[in-house]
Amino acid sequence: MRTAVYPGTFDPVTNGHLDLADRGRQHFDRLVIAVLRNEDKRPLFAVEQRVALLQEATRGWGNVEVDSFDGLLVHYARRVGASVILRGLRAVSDFEYEMQMAMMNRKLDPGIEIVFLMPSEAFSYVSSHLVREIARLGGRLDGLVPKAVDRALARRFPDAPSADPPPGATEGG
């Protein structure tokens, strides 16, 4: 059985993350989406909330599990029986960091392979950082995040300016 780990902070999970997980799960018998406990990043949502949002978004994906971890990723991967770490590359700007991390993980455990997937074109610009900013400023998140995440962000930013109407909508009708 071939297991892969898809790690990240997922703060919050976006449709770009889900696109990558959905495509990645088709190549492995088991995909573990692993939410990193990293308080240094000052997350918007607690780890437990991020895990719950991911579980809701991946419900029905039989070969996908959601978990959390801290410490070295390669140690976690070994603990869950993974031989592959799945990562996404949105743009050239991601490459340098991801390459450095992949090389270090290979140094720490040569038996774990790093596999990169490009996002679907529709999600190549989506990041958790941008989603948080849009939510904080009251913008619409249609198509960027699952509905549960949209609701969680609205609760997190209740005082955000009201969202603009969608393009093509008319006021009052």
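Q: Does Glu98 count as buried or exposed?
A: The cut-offs are under 20% relative accessible area for buried and over 50% for exposed, with partly exposed in between (1.4 Å probe, protein chains only). Glu98 has a relative accessibility of 8%. That value is why Glu98 counts as buried.

Q: At which pLDDT do side-chain atom pairs count in this model?
A: Residues are numbered from 1 along each chain as its sequence is written, and side-chain values use heavy atoms, with hydrogens and water left out. The model is predicted, so totals for chains, interfaces and linings use all residues, local features need pLDDT of at least 70, and side-chain atom pairs count only at pLDDT 80 or more.

Q: With which residue does Glu98 form a salt bridge?
A: A salt bridge needs a side-chain nitrogen of Lys or Arg within 4 Å of a carboxyl oxygen of Asp or Glu. Across the whole structure, the search finds 11 of these. In one of them, Glu98 has an N to O distance of 2.6 Å to its partner, Arg87.

Q: How many residues apart in sequence are the parts tied together by Glu98 and Arg87?
A: Helices (H or I, at least four residues) and strands (E, at least two) are DSSP runs, numbered from the N terminus. The Glu98 and Arg87 side chains meet in a salt bridge. Glu98 lies in helix H4 and Arg87 in strand S4 (residues 84-88), so the parts tied together are apart in sequence by 11 residues.

Q: What separates Arg136 and Glu133 along helix H5?
A: These two residues form a salt bridge whose closest N and O atoms are 2.8 Å apart. Arg136 is partly exposed at 40%, and Glu133 is partly exposed at 29%. Because they are 3 residues apart in H5, the separation is about one helical turn.

Q: How far apart are the closest N and O atoms of Asp142 and Arg140?
A: Asp142 is partly exposed, with a relative accessible area of 49%, and Arg140 is partly exposed at 36%. Their side chains form a salt bridge, and the closest N and O atoms lie apart by 2.5 Å.

Q: Where do the buried residues of helix H6 lie, seen down its axis?
A: The buried residues of H6 (residues 147-156) are Ala148, Val149, Ala152 and Leu153. They fall within an arc of 135 degrees, taken from the directions from the helix axis to the C-beta atoms. Lys147 and Arg155 are exposed on the other side of H6. The arc is why the buried residues line one face of the helix.

Q: Which helices do the buried residues of H6 pack against?
A: Contact means heavy atoms within 4.5 Å. The packing partners of the buried H6 residues are helix H2 (47-57) and helix H5 (128-136).

Q: Which geometry do the rings of Phe69 and Tyr76 have?
A: Rings of Phe, Tyr and Trp (its six-membered ring) pair if their centres lie within 6.5 Å; planes under 30 degrees apart count as stacked, over 60 as edge-to-face and the rest as tilted. The count comes to 2 aromatic pairs. One of them, Tyr6 and Phe10, is edge-to-face at 5.3 Å centre to centre and 85 degrees between the planes. The centres of Phe69 and Tyr76 are 4.9 Å apart and their planes are at 25 degrees, so the pair is stacked.
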